[in-house]
Amino acid sequence: MLKYIGKRVLYMIFVFFIMSLVMFFLYNLIPGDPARAELEPLKKTMRPEAYQMRYEQLRKQMGLDDPIIVKYGKWIGGVLQGDFGMSTRHKKPVVDLIKAPMGNTIFINIFATILALGISIPLGIKCAVKRNSVMDNVVQVLTIVGYSLPIFIITLVSIFLFAVTLRWFPVSGMNTPNFHGTGIVFFLDRMHYLALPLIVMTIGSLGGMTRYVRAAMIEALRMDYIRTARAKGLKEKVVIYSHAWRNALLPVITLIIGWFISIFSGSLVIEQMFNLNGMGKFYMDALMNQDYNVALAVQMFYMVVALIGNLIIDLSYGFVDPRVRVNH
Amino acid sequence: MDNKNTPKKKKSFLQLLFIKAFGTGKKKLSILEEEQMQGPVRTIIKNFTSNRLSMTGLIVFLLIFAVVIIGPFFVKLDLSYTETSQQNVNPGLDLMKVPSSLEGKVAEISVGPTYTIAVSDSGQLYMWGKTKITSTLNLKYVPSNMGKIKRISAGFDHILALNEEGKVFAWGNDRQKQCAVPDKVKELTNIVDVIAGYQCSVILTADGHTYFFGNEANNDYKNTHNYQGQIVKVVTTADAVLGLTKDGQAVYLGKQSNGYTKMPENMGTVVDVAATASTMAAVNSDGKVFVWGNLSERGEGKVPEITSKIVALEAGRYHYTGITEDGKAIAWGFDNYNQASVPASVKNSKVVKLFTGAYQNYAVTDSGKILTWGLKGYLLGSDDLGRDILNRLINGGRMSMTIGAIAVIISTIIGVIIGGVSGFFGGKVDIILQRIVEIVSGLPFLPFAMILSALLGNALSSNQRIYLMMIILGLLQWPSLSRLVRAQVFSEREKEFVTAAKAVGVKQMSIVFKHILPNVISVIIVTATLDFATCMLTEATLSYLGFGVPAPQPTWGNMLYGCNNSIVIQNYWWRWVFTSIVLGICVICINLTGDGLRDAIDPKSQER
């Protein structure tokens with residue numbers, strides 16, 4: 001087991017370096033001269049010769065004339081020490097900037113995940129048990145609709161219904177502008193603003209998850225031991241929740257873990273549409289404003305999260321199911 | 001034998017497709033009978049067609065597909081087309097719905113961009129079309145106590161009316177003071193005509209004087225022009241004013257010298273003038289028409305050759321119409337909504353009066369009937385640049401589906417090759433390929449697609465960006481398929497037929513792709529179908545965020561770009577509702593089809 005984990009981690013590190021190299025190359029394809037941009041405000045106050053000298057000096061200092069592999073080495077060295085460079089837009093270290101949106105994203109996504117799981121698991125079990133009933137068929141159609149609709153259409157419709165027509169919730173933002181409450185009042189105000197994004201996120205993930213739980217449960221209910229349990233005369237409740245659900249849980253747990261990992265990345269579309277200051281919007285803003293140090297840092301973060309997520313999912317298979325011990 | 005079989009097979013397939021979908025097929029066979037009689041493919045088709053939900057999905061999808069593939073041949077898309085006067089028009093086909101009570105007593109009709117106003121013989125006002133200008137401003141709120149109306153004129157977003165007593169009324173958009181009638185005009189008692197233009201109003205008196213109010217920065221008009229006291233008719237373009245003097249001369253009433261001032265020489269005695277948005281026209285006593293100004297390729301200057309004399313001119317936004325001395329209507333100019341194609345019913349009747357404006361034409365015949373031609377309206381409304389949403393929906397659908405299809409083809413090819421090779425050879429090849437799969441599937445999809453599009457897209461042209469979208473989607477989509485194919489190939493390669501093929505000495509590559517692959521084709525088809533839906537969704541999401549296919553090329557995703565604010569969501573709902581519905585239905589149908597296919601192929605899910 002340990003050997004397998006060690007091997008996987010090694011692979012992971014290898015993949016990480018390959019990917020970071022690819023990303024760095026991609027970002028370096030963008031034309032631009034940071035040294036000139038840095039000196040631009042000083043250009044008018046300096047004599048041309050002095051300006052040229054400062055420019056050359058700065059280029060050397062910034063290492064702009066180095067071959068790309070050297071540049072990559074410098075950059076990845078910084079990254080490994082937690083230095084992602086400066087944001088050209090905010091003139092602050094990227095690490096400082098990223099804290100607030102990440103906090104918000106985690107806050108929002110924890111709620112969304114709990115809501116989605118709380119609804120989809122009971123619903124999925126119910127549908128699997130009463131397979132081909134009217135309710136199951138209705139839920140099947142609804143879940144297909146749910147995962148077929150792009151999230152921005154769900155958002156548009158819900159903004160139209162709940163924010164614009166019924167006026168229950170605000171259209172966008174995270175707090176009332178110039179809000180000065182603290183503690184519980186602040187929390188309530190925040191939740192009032194976050195209610196609609198949370199509803200949308202939950203609806204958006206409900207379809208796929210319910211189908212997944214239902215499929216896992218149907219698979220489990222088909223097993224011979226269920227027939228045995230029924231033949232023994234066990235109560236239907238015990239059969240479903242104790243025998244079947246425990247076995248159906250195996251694939252579902254991996255889904256849940258995967259889900260928890262995605263809470264760090266945030267939703268690009270929802271955060272953009274509701275103007276929530278989360279990771280997704282942070283990333284989009286950086287891309288739009290060509291603040292490539294920030295975009296690169298967020299991209300690296302996404303990648304690390306995805307890699308670790310994959311590892312945890314693979315390991316959790318063996319962890320929750322003794323039959324699938326991974327010891328290649 | 002073969003000849004006999006083929007048509008029968010075909011008939012039975014059609015039956016299955018159309019009859020069984022609605023539940024009127026033959027009796028269901030027992031499993032034994034079924035399997036005895038049918039090959040696996042026919043069993044799959046039968047299973048699939050007996051699933052009503054997925055059949056409905058397939059049929060609806062095929063309908064949408066047919067519309068967006070065939071539609072663009074009929075509904076042409078002009079990428080550079082924008083039209084300020086047709087922005088955000090509500091859905092509906094009522095722009096030319098003349099009230100029946102007006103029939104036979106038309107005194108004057110004046111056409112605005114999206115509405116038409118008319119006055120009857122008895123001075124009664126009629127209005128139809130889309131009169132709403134903003135959420136608070138609506139042209140249908142006419143001033144009260146106007147009395148009997150004599151003249152009427154529809155401007156860009158305001159209306160001028162002149163009553164019997166010579167009093168001027170103005171209502172509508174007043175941001176440029178085009179509705180604020182100046183005191184010196186109010187004092188006049190001899191007003192004979194009112195002309196509403198683009199954000200401006202012109203008043204004409206009986207003694208040939210003109211008065212102007214409204215946006216002077218946009219409209220070139222000189223208050224003290226040399227022809228005060230001689231003018232008998234005034235027309236306006238979108239930015240200039242043209243007059244006709246009583247001695248038959250067309251005169252420019254502005255201070256600048258521009259395209260409008262370069263009038264043709266030797267026009268003779270001008271009897272009528274007219275002006276489109278950017279050109280001016282005059283007809284002389286010989287019936288010869290002259291057009292000048294900022295002529296465009298829209299064809300305002302292409303006056304048709306006719307034998308009879310033109311006696312009166314009218315102009316729309318980009319087209320002209322005229323009446324000949326024997327009561328025939330002719331039209332030329334921009335013909336995108338058939339506004340310059342006179343219909344047969346008008347050609348065959350004698351036209352007494354002709355009213356043209358914007359994209360509509362109204363011809364009053366000698367029997368008092370009102371015949372119309374031109375733009376009826378937009379079935380699904382128009383967008384913020386005045387483009388027809390239905391048109392963009394059809395053309396955008398083709399683009400969305402093309403991108404989805406090509407992306408799926410790319411991803412299927414890559415997935416099948418990598419999955420097949422990796423599954424068949426195993427060992428080191430497998431390890432290396434699996435690392436590549438891991439790298440690609442480890443990439444967060446949306447952010448990575450965005451970054452590629454943002455980084456590479458800047459340097460590319462619009463068309464190249466469309467190809468880029470296809471390639472990005474294809475290159476990021478394949479890992480799931482390759483994993484499935486690999487797992488299937490793993491189990492297939494141990495079977496006897498592979499051993500047999502190896503023993504015979506078939507080349508390894510041809511074992512993979514000719515012997516094993518046909519056995520896993522069902523998985524590939526199902527995954528490709530579901531991937532097609534995913535690709536369309538991703539393309540839509542990317543374009544919606546502004547990182548996909550750039551405007552003006554429409555796709556279902558970028559048609560929704562810019563709809564994310566409460567004003568558009570509420571007031572211009574047609575800009576997102578129809579596109580969302582079509583995109584949603586299309587993806588739902590593809591997913592239904594894919595699910596049905598999977599159920600039909602997978603015997604386990606049949607639960608026999």
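Biologist: Let me start with a detail: which residue stands opposite His158(B) in β6(B)?
Modeller: That's Gly172(B). Before we go on, please keep in mind that this is a predicted model.

Biologist: Noted. How do β5 and β6 of chain B pair, and over how many bridges?
Modeller: Strand β5 (residues 158-163) and strand β6 (residues 168-172) of chain B are antiparallel partners, with five bridges between them. They make a hairpin with four residues between the strands. Within that hairpin, Gly166(B) has a positive phi, near 80°.

Biologist: What about β16 and β17 of chain B, how many residues lie between them?
Modeller: Three residues separate those two, and they form a hairpin as well. Strand β16 covers residues 310-315 and strand β17 covers residues 319-324 of chain B, and they pair antiparallel over five bridges. One facing pair there is Ala315(B) and Tyr320(B), the latter in β17(B).

Biologist: Let's zoom out. How many helices and strands are there in chain B?
Modeller: Chain B has 15 helices and 21 strands.

Biologist: And what is the radius of gyration of chain B, next to that of a compact globule?
Modeller: Chain B comes out at 33 Å, while a compact globule of 608 residues would be near 25 Å. Along the principal axes, the C-alpha trace of chain B spans about 105 × 55 × 45 Å.

Biologist: Back to strands, then. In what order do β1, β2 and β3 of chain B sit in their sheet?
Modeller: The order is β1-β2-β3, in an open sheet of three strands with antiparallel pairing. β1 (106-111) and β3 (125-129) of chain B each have a single partner strand, so one side of each has no neighbour in the sheet. On average, neighbouring strands of this sheet are turned by 20° against each other, ignoring direction.

Biologist: What actually holds strands together in a sheet?
Modeller: In general, the strands of a sheet pair through backbone hydrogen bonds, and they can do so in parallel or antiparallel fashion.

Biologist: Which residue is the bridge partner of Ile109(B) in β2(B)?
Modeller: Ala118(B) is the partner. β1(B) pairs with strand β2 (residues 115-120) of chain B over five bridges, in the antiparallel sense.

Biologist: And the sheet with β10, β11 and β12 of chain B, is the pairing parallel or antiparallel?
Modeller: Antiparallel, in an open sheet of three strands ordered β10-β11-β12. At its edges are β10 (231-236) and β12 (250-252) of chain B, each pairing on one side only. Here neighbouring strands are turned by 30° against each other on average, direction ignored. Five bridges connect β10(B) with the antiparallel strand β11 (residues 241-245) of chain B. Lys233(B), for one, faces Leu244(B) in β11(B).

Biologist: New topic: chain A. Which domains does the assignment give?
Modeller: Domain 1 is 16-95 and domain 2 is 99-325 of chain A. The centres of the two, taken over C-alpha atoms, are 39 Å apart.

Biologist: How many residues of each are in contact?
Modeller: 14 residues of domain 1 of chain A are in contact with 12 residues of domain 2 of chain A. On the domain 1 side, helix α1 (residues 2-28) of chain A gives the largest share, five residues. By class, that side has nine nonpolar residues, four polar and one charged.

Biologist: What does UniProt list as "transmembrane region" for chain A?
Modeller: The unreviewed UniProt entry lists residues 9-30, 106-129, 141-169, 193-213, 248-274 and 294-313 of chain A. In the model, residues 9-30 of chain A are 91% helix and 0% strand, with the end C-alpha atoms 32 Å apart. Residues 106-129 of chain A are 100% helix and 0% strand, with the ends, again by C-alpha atoms, 34 Å apart.

Biologist: Which residues of chain B get that annotation?
Modeller: In the unreviewed UniProt entry, "transmembrane region" covers residues 53-75, 401-427, 439-460, 466-485, 516-534 and 573-594 of chain B. Among them, residues 466-485 of chain B are 95% helix and 0% strand, with end C-alpha atoms 29 Å apart.

Terms used:
Residues are numbered from 1 along each chain as its sequence is written. Chains are lettered from A and ligands numbered from 1 in the order in which they are written. This is a predicted model: local features need pLDDT of at least 70, side-chain atom pairs count only at pLDDT 80 or more; totals for chains, interfaces and linings use all residues. Domain bounds come from an automatic or database domain assignment. Two residues are in contact if their C-beta atoms, placed from the backbone, lie within 7 Å. Ala, Val, Leu, Ile, Met, Phe, Trp, Tyr, Cys and Pro count as nonpolar, Asp, Glu, Lys and Arg as charged, and the others, Gly among them, as polar. UniProt positions are given in the numbering used here, feature names are shortened, and annotations may be inferred rather than shown by experiment. Two strands pair if DSSP finds at least two bridges between them. Axes are lines fitted to C-alpha atoms, for helices over the stretch in contact, and angles run from 0 to 180 degrees between N-to-C directions. The radius of gyration is taken over C-alpha atoms; the globule rule is 2.2 Å times the number of residues to the power 0.38.
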